[in-house]
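Work through the exercises below with the model open. Try each task before reading its solution.

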Amino acid sequence: LERKAYELAERLYDFRKVAAESFEERIMRELSELDMKNARFIADVKRCEELSPRGIDTVEFLLSANLGENAKPLEKIASGGELSRVMLAMKNALGDSDFVETLIFDEIDTGVSGRAAQRIAEKLYKLSVKKQVLCVTHLAQLSAMSDVHFKIEKSERDGRTYTSVTPLDDNGRAYELARITAGSSISETTITNAKELMTLAEETKNRIKTAKD
């Protein structure tokens with residue numbers, strides 16, 4: 001039985017080595033679309049001497065986020081923004097084989113802004129075409145791409161903290177997007193800019209849905 005277990009573990013190791021190459025290519029393609037064009041991702045499959053419940057190998061993810069840098073363990077060197085994008089890249093790459101129907105992202109936009117934030121927003125929407133996606137965010141680009149928008153607030157009452165969740169209509173969404181962008185200095189101009197962002201987001205979503213079809 002031990003000999004048979006080792007034989008099966010060796011076969012599993014060979015399968016993993018082949019799968020790792022394909023997985024690396026898919027992740028790097030996703031990262032390129034998330035504004036990390038020079039990133040290098042490695043799924044490092046190493047053979048071990050001892051047999052374990054998972055086989056006879058270990059798998060470690062390595063990342064080089066910038067050109068000219070050596071790939072190092074993802075868990076040790078990735079910034080918050082890089083880690084967020086790698087995780088999103090993995091979810092997109094594995095979307096068809098992942099049987100989880102609902103994905104929850106808590107501030108996946110940490111450490112990103114501008115063009116990278118827009119790319120993340122588009123990737124999240126593409127993912128939402130196939131799965132239910134719940135996203136907690138403080139970025140206007142991500143909020144604007146949502147199909148349903150809730151405002152979450154904390155308040156104190158009678159010595160206790162309460163959380164309220166309020167669904168927003170289009171006017172409420174525009175106000176919240178303006179607040180995220182401009183803080184407390186909300187004017188007609190910031191509201192107009194927020195509505196324009198919502199319009200652009202709808203155009204982007206329609207383009208994505210058309211491409212999917």
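This is a predicted model: local features need pLDDT of at least 70, side-chain atom pairs count only at pLDDT 80 or more; totals for chains, interfaces and linings use all residues.

Residues are numbered from 1 along each chain as its sequence is written, and side-chain values use heavy atoms, with hydrogens and water left out.

**Exercise 1. Describe the packing of helix H1 against helix H4.**

Step 1. Helices (H or I, at least four residues) and strands (E, at least two) are DSSP runs, numbered from the N terminus. H1 spans residues 2-33 and H4 spans residues 114-130.

Step 2. Take the geometry. Two packed helices are described by the angle between their axes and the distance between the axes. Axes are lines fitted to C-alpha atoms, for helices over the stretch in contact, and angles run from 0 to 180 degrees between N-to-C directions. For H1 and H4 the angle is about 125°, and the axes are 9 Å apart.

Step 3. Classify. Under 35 degrees is roughly parallel, over 145 roughly antiparallel, 65 to 115 roughly perpendicular, and the rest oblique. H1 is therefore oblique to H4.

Step 4. List the contact residues (heavy atoms within 4.5 Å). H1 supplies Glu30, Ser32 and Glu33, while H4 supplies Arg119, Lys123 and Lys126.

Step 5. Sort them. Ala, Val, Leu, Ile, Met, Phe, Trp, Tyr, Cys and Pro are nonpolar; Asp, Glu, Lys and Arg are charged; the others, Gly among them, are polar. The H1 contact with H4 has no nonpolar, 1 polar and 5 charged residues.

**Exercise 2. Which residues have the most contacts inside the largest nonpolar core?**

Step 1. Define the core. It is a set of buried Ala, Val, Leu, Ile, Met, Phe, Trp, Tyr and Cys residues joined through side-chain atoms within 4.5 Å. Buried means under 20% relative accessible area, exposed over 50%, partly exposed in between (1.4 Å probe, protein chains only).

Step 2. Read off the residues. The largest core has 45 residues, and Ile27, Leu31, Phe41, Leu88 and Ile120 have the most contacts inside it. H4 gives the most to this core, with 7 residues.

Step 3. Inspect Phe41. Beyond residues up to four places away in sequence, Phe41 touches Phe23, Glu24, Ile27, Met28, Leu31, Phe61, Leu62, Val86 and Met90.

**Exercise 3. Is Asp158 buried or exposed?**

Step 1. Asp158 is in the loop between E6 and E7. These strands (residues 150-157 and 160-167) run antiparallel, joined by 8 bridges. Lys154 stands opposite Thr163 in E7.

Step 2. Check the backbone. Most residues other than glycine have a negative phi. Phi of Asp158 is positive, near 55°.

Step 3. Decide. Asp158 counts as exposed because its relative accessibility is 74%.

**Exercise 4. Are Lys131 and Ser143 buried or exposed?**

Step 1. Take Lys131. This residue lies in the loop between H4 and strand E5 (132-136). Its relative accessible area is 10%, so Lys131 is buried. Lys131 touches Gly95, Asp98, Val100, Glu101 and Leu103, leaving out residues up to four places away in sequence.

Step 2. Take Ser143. This residue sits in helix H5 (residues 140-144). At 5% relative accessibility, Ser143 is buried. Among its contacts beyond four places in sequence are Thr137, His149 and Arg173.

Key: Two strands pair if DSSP finds at least two bridges between them.
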